[in-house]
Amino acid sequence: MIRSLILKLIFLVGCAVLAGLVFSAFLPSKPRPRTTRAPRSGPKRVRVGVGVSRLPLAFIGSAALAAGLIVAGFAAVQWTRDALRPVPTAAARRPHQGPATPNALWALAFERDLARWQADDPRTQQPVVRVPATIVSAGLPLSVRLPITGGIPFPMGQLSPEAPVRLADAAGTPWPIQTRPLATWEDGSVKWLLVTTQVPPSAVGRNLFLDYGASVVRDAAAGPRVDVTQTPDAVVVTTGPLRFTVSRTAFTFFESAAVDRNGDRAFSEEERLASRGDLVVRHRDIDYRSSLDRRTYRLEVEEAGPLRATLKASGWFRDAGGKGFCRFIVRFQAFAGLPQVRVYHTFIYTGYPENRHHEEYRGLTLPENETIQEIRIELPVDVTERAAFLSADEQGAFTLPLGASTTITQYEDDAYRLRGGPGQPLREGSRHEGWLLAQNARAGVMVQVRDAWQQYPKELAADPAAKRLVIKLWPESAGALDLKTGPEAYGPDERARGSAFGLGKTHELMVGFLGIPIEETTASAIAQLWREPWLLFADPAWHEATKAWGPTIGAAQPEQFPKAEQMLVDLFGWAERQPRDFRWYGMLDYGDTLLWYRKEAYDKSYDDWGWHPDGRWGWHNCEAICTHGGVLTSFIRTGELPYFQFGEAHARHVMDVDTVHHNTVAQDPRLKRAGMTEAFSQVGSMHRHNAYHWGGRNEEATHTSVTGLLMYYYLTGDARAWDVINEAGGFFLRDPVTYRRRPHIAPGRAVSNVLLGDLLMYQATWDPRYWRSARRWARVLLRGQRPDGGWPETYNPLLRRWRGEVKNNYMALHILPALIAYHRLTGDGDAARAITRGADWLAKTEPWLPFFDALAYSYLLTGQRSYLDEGTKRLNDFISVQRHVKDPLMDGMIFQRPIYDNVGPTLYAVPFMLGAMDAPDFATLQRTTGLQALNRAMAPSPGMATPKIAEPRTR
């Protein structure tokens, strides 16, 4: 494109020069006086007339005239061509979009095969598109008004954001519905739609259909609705049986909450069950409270629909003098017709976590290590007088009289203790279910912490004297929550560069306000319903048809590929089993896995084999595609609950513990005065694998990824995930590719991580900043490829040069996936050639890395079956070496050693190859969809070309 513009410019200038010379030759000459020296014998000076052409002046004028005529003519031609070309919609005017991009091609292909998904609307007898869906859960019976939510994908061009959709079960029973677009395609149509529904009284089964089309009219929501009323002082939410208030002036955990016990639709003082709760962080014997923040506290209504409303409260914990220590984000979700509220409590650490092992901190005068004594939620309630205490553990539900303060403490993953009064042991067991109900003869309040024993320590307490329930997310009885970086983070191959700056942790809770007392079995059944994900999920075949995940990721095919599909099942079985067998639980550990079972390491040896958590090879964190990215891919292909549960736990860990959420160095004067750099405290950055979740480096983007988090967000609509995704997006926009104090070294994986992150964020937000950044880094990658197809290990942003040996793992797991994403969006020919050349290089040099996605995409680009043959051969190699043994440490493993490093990438990449086996390549799709004729009619003009963007240097 640039070469074409330069040639046109040279042509115009040449024409102007030639026209000027020809035009000036016909101009008349005019004498011009000139002074010259006379002979010695004559006068000293004389004036003579010399005949000279006015060539310079004539040339300039005529050249300008000719150039203007040529440019005007050229512009007229372009304007004529543009006038004859169809005008794209406002949403479609994006610099990368064209009719030949893969996304546009797949949209045409879906339209061609639309009849596969159509059915006659029983109401109008007109055709509608019917999306098959189901409810993913553990198989519990559906309860009336049970809230269910999930993200549903759509092909490009199929659904406008304003178009109505309708939900019904197999018997045609309509289900109430609330929708919100999560993402759009480049033409402005819906890509992901968040659908919230409730189980109606006449529901039949859990197989549903989501209909859209010209004849679809959304049914008016029947039954109760959520009402949100906003005033300058508060937000009041009414669900029908429940009304609660959240203050705008200071955050109290429910300013008030009342249940309509008599059904008169009024909420009297006698019906109030709770009021003026608080969030508390205890540090150095001082309580910092959310209710004391009157400076930075903010309350937003994020969602206000007929079935669900979401409020977001954010601020600082403050002491009585107004000093802030740590931040909070709390979301309340209320549901139509239900007396319960789902609460997401996010704690963000803003203190100084000691690190005496990073070389850059040595010699600095830094504060003392700042630990946390306790994190708790206080909820004053009016049901503790003459009350009973209900709860459950692995032995079943139980009831105790609430005569004195009663406390349940889960102090290990397999040990809990129930005490009544001052230390009186009442009951002990292995795993408490994480809920309690305090109730008397008229009403009750029930609280539950999801995955409580997995995230020990936890403590629930009912205090009748103080008339309150207390949920201790980190109880003081467990000792201090210490976030320092210890000596295990350091080693010959690790410098303990990371610190727990801005670490976060989110807990999901349910708070129920009951208008009547209930029995043990009923309370236990309610708690079980609350623990389930209840996810609305589209059929895997529909996911494949939409191309929302990629070109060839489709439903699992055990009949066609029995050995390959079983290999993936067994590999996931290995990944899921290790956390259970080795008890990787705890508030900060749950969801993550240790990286490598070993005795010999690169830098030291051990006396025994084990998951040795020290140095560089400790917790896995967010390496490569991340384990949750691969596991969620398996969920998309199967819809099976265990994949989602594992993927959700790991995604939540990454987006909380592994990510920086607060720039402590920038906002703490003590650290700024000491001379500490912000490089290791950048919001949105994620830490490399290490003995500590935060001990590895995070100053550059080699280990920051939003791929799996966006998968989780699109499937669930989780608002906290969206917060973190945007934090990571802001980090990408800083071009974080170089190391601290080494601005000339940018690993190839950092460059490609930023490119992929920019592309994914651009498609999630359509913020042009991401596109400009992605375009720059794409050109850097494309210019860095060697003639043999490989990429050098590092890029020098100062000299704009690549150097070093080829790193195959960077290519397979980072560079080629980023270029595939770039080509899917743009159809860029240079990217297409780079992908195939890179796949050729890896095929020749790499025996085991799972680059099946690059092989599958190279087949789509070229139509050459040799890429599928290469992928089949490698897939058979993986199948042949997979272990099938009695040892649970090795059963299902496909590598020589038990390691998580390639588990996620294998689960992610193999489905690309399986789906490509019977997929048409791009050339075939062009012929069958008539795209070639469309390309000729809509060929982009030079006037619409993307301008050249300067190549980045450094951050």
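Me: How many bridges join β6 to strand β10?
Reply: Strands of a sheet pair through backbone hydrogen bonds, either parallel or antiparallel. Two strands pair if DSSP finds at least two bridges between them, and strands themselves are DSSP runs of E with at least two residues, while helices are runs of H or I with at least four, both numbered from the N terminus. Strand β10 covers residues 207-212 and runs antiparallel to β6. The number of bridges that join them is 4.

Me: What kind of model is this?
Reply: Residues are numbered from 1 along each chain as its sequence is written, and side-chain values use heavy atoms, with hydrogens and water left out. Local features need pLDDT of at least 70 and side-chain atom pairs count only at pLDDT 80 or more, whereas totals for chains, interfaces and linings use all residues, because the model is predicted.

Me: Which residue of β7 stands opposite L167?
Reply: β6 also pairs with strand β7 (residues 174-175), in the antiparallel sense and over 2 bridges. The two strands form a hairpin with 4 residues between them, and G172 in the turn has a positive phi of about 90°. In β10, L167 has L210 as its bridge partner. In β7, the residue opposite L167 is W175.

Me: Are the faces of strand β6 covered or uncovered?
Reply: A residue is buried under 20% relative accessible area, exposed over 50%, and partly exposed in between (1.4 Å probe, protein chains only). In β6 (residues 166-169), R166 and A168 on one side are buried, and L167 and D169 on the other are buried too. Both faces are covered.

Me: Is S752 buried or exposed?
Reply: S752 is in helix α13 (residues 748-765), and a polar atom of its side chain lies 2.9 Å from the backbone oxygen of G748. Leaving out residues up to four places away in sequence, S752 touches L781, H814, I815 and A818, where contact means heavy atoms within 4.5 Å. Because its relative accessibility is 1%, S752 counts as buried.

Me: How many disulfides are there?
Reply: A disulfide is a covalent bond between the sulfur atoms of two cysteines. The rule used here asks for a pair of cysteine sulfur atoms within 2.5 Å. C622 is in no disulfide, since the nearest cysteine sulfur, that of C626, is 5.3 Å away. By this rule the count of disulfides is 0.

Me: Which residue forms a salt bridge with K312?
Reply: A salt bridge is a side-chain nitrogen of Lys or Arg within 4 Å of a carboxyl oxygen of Asp or Glu, and the whole structure has 60 of them. In this pair the closest N and O atoms are 3.7 Å apart. It links strand β19 (residues 308-318) with helix α12 (residues 719-732), across 411 residues, and both partners are buried. The partner of K312 is D723.

Me: Is K604 buried or partly exposed?
Reply: K604 meets D614 in a salt bridge at 3.3 Å, N to O. D614 lies in the loop between β37 (605-610) and α7 (627-638), and K604 in the loop between β36 (598-600) and β37, so the pair ties together parts that are 10 residues apart in sequence. D614 counts as buried at 17% relative accessibility. With a relative accessible area of 38%, K604 is partly exposed.

Notes. A polar contact is a pair of N or O atoms within 3.5 Å; within protein, one must be able to donate a hydrogen and the other to accept it, and residues adjacent in sequence count only if both atoms are side-chain atoms.
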